[in-house]
Amino acid sequence: MQQHSKSKVCYYYDSDIGNYYYGQGHPMKPHRMRMTHNLLLNYGLYRKMEVYRPHKATQDEMTKFHSDDYIRFLRSIRPDNMSEYSKLLQRFNVGEDCPVFDGLYEFCQLSSGGSVASAVKLNKQAADIAINWAGGLHHAKKSEASGFCYVNDIVLAILELLKYHQRVLYIDIDIHHGDGVEEAFYTTDRVMTVSFHKYGEYFPGTGDLRDIGAGRGKYYSLNFPLRDGIDDTSYEGLFVPVVSRVMELYQPSAVVLQCGADSLSGDRLGCFNLTLKGHGKCVEFMKRYNLPLMLLGGGGYTIRNVARCWTYETSVALDQEIPNELPYNDYFEYFGPDFKLHIAPSNMANQNTGEYVDKIRSRLLENLRMLPHAPGVQMADIPEDSVNLDKEDEEVDAADPDKRGNMKLMDQGREADNEFEEGKSGNKNKENHGETNGEASEPMDTSGAAGN
């Protein structure tokens, strides 16, 4: 689990995502993605990774998991024609928690487009870490919306990863159980799902310790039910040993981490007491394995903290230290009165006693002993990729690098770490014009217009 050189990170974001609106008083606010993007822009993190605008996932892509009639319904329903669909609204569980709003289908297309494209990037080894904060909508079922989620971008992304990877590990640190993903892969050993969540009179009501998978998937679902008030120390004390053992026994070749930010202290719907550092430790820990890693969003309802969290976790993925003092940004007033990145835990009681955590942890480790070592699978011909990366590259190649304002080129150019440094001796390394500093420097990234 040695740390190699800096990871190559790609990041998916569409500037329209923040315009979608679930409705007055609804806790899910896509605006939080725009706040996150703006914050990492102003921290300068944008320049350290390749930034892509996701394609809109097609009906064909979505029906790799969802039923045809459900996706057809999502395409057709609008606030102005709801009266014609009363039966189907009920059947597909749309209307209350999952309202009909303007642009609902496009919102689902963008969210899942970013996750599927992330999977293709990882499959092609064009990135080590792929980030889509607009994804992570883990409650959506095959033919049903649930818990603010309509299309399960995670399941679609994992199906894409399975074209190239024998075994994929899914980890969920949202405060809610990752029920839609667990259910989709409940009977297979090719995906292992691990969820850490609040359990007991809490949505969605699933995720009992005893839910372990079925058929070929028996022992390949792992649930860690938690009580209110868990803090950074307790969380690390259960996440690290359980996930280490899973990695050792299951030996996945790709990992998907759902980073729902409603497990943070002070969340409008949550009841945990994690800080950004405790939450981000999970990202840091998974990154150490140097496996293809996908980072997705999810829940998170105190939006200033969601933006803080996902910005911080982007910096962790990039190995970039960022100051606690927030840079000025378009939403600066949201972050008052302290205007700091990190948040303090509250003084709420941690109801997860040492005894409780030990008991659950040892039960789970016991279940893991039932796992056969890394199951094999007969790999057939690799199916076609859902997204054609060559087409993306062709567009970039065809673009005129001398023209000002070529956003696509600028987004994909990562700035070299030494972009604004002078060589110690004033001499540049002739080979790659990098910084010499007495040590071998990384070649400059010439894939785009560095420095933008």
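Author: A residue is buried here if its relative accessible area is under 20%, exposed if over 50%, and partly exposed in between (1.4 Å probe, protein chains only). Cys259 is a clear case: it is buried, with a relative accessible area of 0%.

This is a predicted model, where local features need pLDDT of at least 70, side-chain atom pairs count only at pLDDT 80 or more, and totals for chains, interfaces and linings use all residues. Numbering starts from 1 along each chain as its sequence is written, and side-chain values use heavy atoms, without hydrogens or water.

Some context comes before it. The protein has 13 helices and eight strands (DSSP runs numbered from the N terminus: helices are H or I, at least four residues; strands are E, at least two). Of its 452 residues, 57% are buried. Take contacts (heavy atoms within 4.5 Å) between residues at least 6 apart in sequence: 78% of them join residues at least 24 apart.

Now the sheet. Eight strands form it, and it is open, in the order S2-S1-S3-S8-S7-S4-S5-S6, with parallel pairing (two strands pair if DSSP finds at least two bridges between them). Strand S2 (50–52) and strand S6 (221–226) are the edges, each pairing on one side only. From one strand to the next, the twist averages 15°. Strands of a sheet pair through backbone hydrogen bonds, either parallel or antiparallel.

S4 sits between S7 and S5 in that order. Strand S4 covers residues 168–172; five of its five residues are buried, so the rest of the structure largely encloses it. Which residues of S4 point one way, and which the other? Val168, Tyr170 and Asp172 face one way, while Leu169 and Ile171 face the other. In a regular strand the side chains alternate between the two faces of the sheet.

Turn to the S5 side. Five bridges pair S4 with S5, in the parallel sense. Across from Asp172 stands Ser195 in S5.

Together with Phe196 and Met286, Ile171 has the most contacts inside the largest nonpolar core, which has 139 residues. Helix H5 (residues 104–123) supplies the largest share of this core, ten residues. A nonpolar core is a set of buried Ala, Val, Leu, Ile, Met, Phe, Trp, Tyr and Cys residues joined through side-chain atoms within 4.5 Å. Phe196 contacts Ile171 and Asp172, and its partners beyond four places in sequence also include Phe224, Leu226, Tyr235 and Val243. In soluble globular proteins, nonpolar side chains tend to be buried together.

Now the S7 side. S4 and S7 run parallel and share five bridges. Leu169 has Val255 in S7 as its bridge partner. S7 in turn is joined to strand S8 (residues 293–296) by four bridges, again running parallel. There, Leu257 partners Leu295.

What lies at the two ends of S7? Gln251 is in the loop between helix H8 (232–250) and strand S7 (254–258). Gln251 is partly exposed, at a relative accessible area of 40%. Its side chain reaches the backbone oxygen of Glu248 at 3.3 Å. Gln251 and Arg167 are 84 residues apart in sequence, yet their C-alpha atoms are 7.5 Å apart.

Cys259 is in the loop between S7 and helix H9 (276–287). Leaving out residues up to four places away, Cys259 touches Ile173, Leu295, Leu296, Gly297 and Trp133, among others.

Key. Polar contact = N/O pair within 3.5 Å; in protein donor to acceptor, adjacent residues only side chain to side chain. Axes fitted to C-alpha atoms, helices over the stretch in contact; angles between N-to-C directions.
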